Structure formats: C-alpha cells, structure tokens
Amino acid sequence: MQNNEISTFTSVFEQEVYEGLTTHPKHLSSKYFYDEIGDKLFQDIMAMPEYYLTDCEFDILEEHKETIAKLFGKNGEPFSLFELGAGDGKKTKVLLRHFIQNNISFDYRPIDISQNALDQLEDALNHEIPELQINTLQGTYFETLRAIGDSNGRRKVILFLGSNIGNLLHPQAVEFLKNMKDSINPDDLIFMGFDQKKNPQTILDAYNDKTGITEAFNKNILARINKEMGGNFILDKFLHWEVYDPETGTAKSYLVSKEKQTVSIESLALKIRLNAWETIHTEISQKYDDAVVQWLAEQAGLKIVTEFTDAAQQYKNYVFKK
Ligand code: AVI
C-alpha cells in the first residue's frame, strides 16, 4: 500500500498488522494480544505454576512491605500512588492493605488502557478495602504519564510491576524510562519489576506451558485479526514457539507456519503468503541483571535508590529517582 493510501486504515492496529505482515521477517506487536479474551488468558498465565514471575513479585511485596511503606511514605508525608497497567491489582493489594492498616496517608491512582479493567478494579477495591481513596485514570501510558506530570501537589510514587518493561526492546525501554523521569519531581519515586536472568529452562517453561495457555495467548493475535479485520487464519496451522538466548537475556515468541499457506485479511484487502516454517515474531520478554538495569537507568537519567528481591533471586523490584 502506498503512503497516499495509508488513510484507508481505520486503526493503528490495522496499520501495524499491514506493515508487520508485508515485511520480512514478519512480525506483530504483543500489545495486540490483549482484548477481553487476551486479558483473561493473561490472568490464567499469571495463575500458572510455571509463570513464576507473579509469585516472586507477590513474595517480594509481602516480605518487604514495611520497608517499602517507609520509603514511599517518607517522614509521614502524604503521597499519590500511581500504577501503570494496573490490571486486577492482585499484587498491589498487598501494599494497599498494609498502608491502610498502618494509617499511611496516600491515595491510589491506577492507570489502564481498559476502562473495563479499571471499573472492575475499583468495584473490587471499594468492596475489599473500603477506606482506600481511589481515582482511576484511563489512557495509554504515554497520555497518562503526561497527566501524572501535570498533577501538582502531593509527592508521587509510580508503580510499574510484572516486568512489563520486558516487552520493550532496550531503546524503547530507555525512551519509556525517560518519559517517566520527565513526569516526576526530584522527591518522587518509581518502583519497577524486572525479571532476572536465570536457568534458561525455567524461562522456557514459563513461556511454553504444557496446558497450552501461552500458546492460546500468542495465537489470540491471529484470532483478533480474524474477528476484527475479517482474516481467515486457521490457528491450528501455526506452532507457538519460544526461544531464549541466555547471553542477551531475551525470550522471544513466534508463530511458525506449519505449511505453505495463503491467508487473506478482508478489511486490509490483503493476501499474505507464508512458506512452510516461516515465522511471525510476536513478543519479546527481556530478562535482566543488575548491570543492564543500571545501564538502562543511566541512559534515562535515573538513579537506583534501592532494590528488593525474592529468596531465590529470580526477580527484582528496583526503586528509581531522578
Ligand atoms: C505482560 N508481560 C510482562 C508478560 C511477559 O512475561 O512477557 C506477557 C506474557 N507473555 C507470555 N506470557 C506472559
């Protein structure tokens, strides 16, 4: 499609699907895994025993909640706790409950792209922790980081849990951290989860469970193209394939075409030809060590204040300031 035809795309999703499937090697962005079905599959992934990340971070928050409370509520000053990509808030509730029980003065501002997810979270929290002051913010990370920057008054603490940063390539991660830095003042803090390099088999198992939940999650991007753009992908004609490079710490997810096939996408007026064993790259899940996190922080102009880890050092939460 020529530049003058780009206006025929009705969404960025359509445009990115077009671009990703007409270049070589083919790729699609993992941000499009998430619709109502994808959200539910990700909840199921977080509950799988193989997906150690959730339990590790939960344990870190549980184990260190007192120290974290002192850090966030410095000198008893009130603060606003922002959370990017709040989801169902399962891990955050550990902190929220502790802060409320200890009369720490704060309000909670969960941010998510999905208003539906925010409404559910707000209802659950109103029920479970009625004393909590909660103000939801709907929008993309970029829009809401700007809103965070504008909100004057209280000190800010920004949570970004789940090693969500790992879905970004390093240059994008630096850009994202720079945006975060620009949205905070010198007294504010950023608290972020970074999954650590570990036994490669543990990582492969976490991203390739035998029950096939991760496979369904990966293939949901094709299911969405079928539903939303009139595609005719046959999901069984693709393998979910995971690789992990222990040198770079990068886990990559692919969809691999099991046979030579042609797929059409009606609303893009597009026919895609795939050779047998041709790949569509869909996700990266970066694993880190201290040196890489230090490097990312330096590139973005942030300083590491402290870090917390679980007993087996599988996962870390770092605290940054500018
Ligand atoms: C959301 N994100 C941090 C998850 C991850 O670990 O990369 C998404 C995921 N992909 C497969 N399993 C979980």
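Two strands pair if DSSP finds at least two bridges between them, and strands themselves are DSSP runs (E, at least two residues), just as helices are runs of H or I with at least four, all numbered from the N terminus. Keep that in mind, everyone, and let's walk through the sheet.

A word on the source: this is a predicted model, where local features need pLDDT of at least 70, side-chain atom pairs count only at pLDDT 80 or more, and totals for chains, interfaces and linings use all residues. Residues are numbered from 1 along each chain as its sequence is written, and side-chain values use heavy atoms, with hydrogens and water left out.

In general, strands of a sheet pair through backbone hydrogen bonds, either parallel or antiparallel. Here, 7 strands make an open sheet with mixed pairing, in the order S4-S3-S2-S5-S6-S13-S12.

Now look at strand S13. S13, residues 315-321, pairs with S6, residues 189-195, in the antiparallel sense over 6 bridges. Ile190 has Phe320 as its bridge partner, and Asp195 has Tyr315. S13 also pairs with S12 in the antiparallel sense, over 6 bridges, and there Glu307 has Tyr318 as its bridge partner. S12 and S13 form a hairpin with 5 residues between them, and in the turn Gln313 has a positive phi of about 55 degrees.

Let's turn to the helices. How do H3 and H4 pack? Helix H3 (residues 52-72) and helix H4 (residues 92-101) pack at about 40 degrees, with axes 9 Å apart; axes are lines fitted to C-alpha atoms, for helices over the stretch in contact, and angles run from 0 to 180 degrees between N-to-C directions. That is why H3 counts as oblique to H4: under 35 degrees is roughly parallel, over 145 roughly antiparallel, 65 to 115 roughly perpendicular, and the rest oblique. Contact (heavy atoms within 4.5 Å) involves residues including Phe58 and Phe72 of H3 and Val94 and Phe99 of H4.
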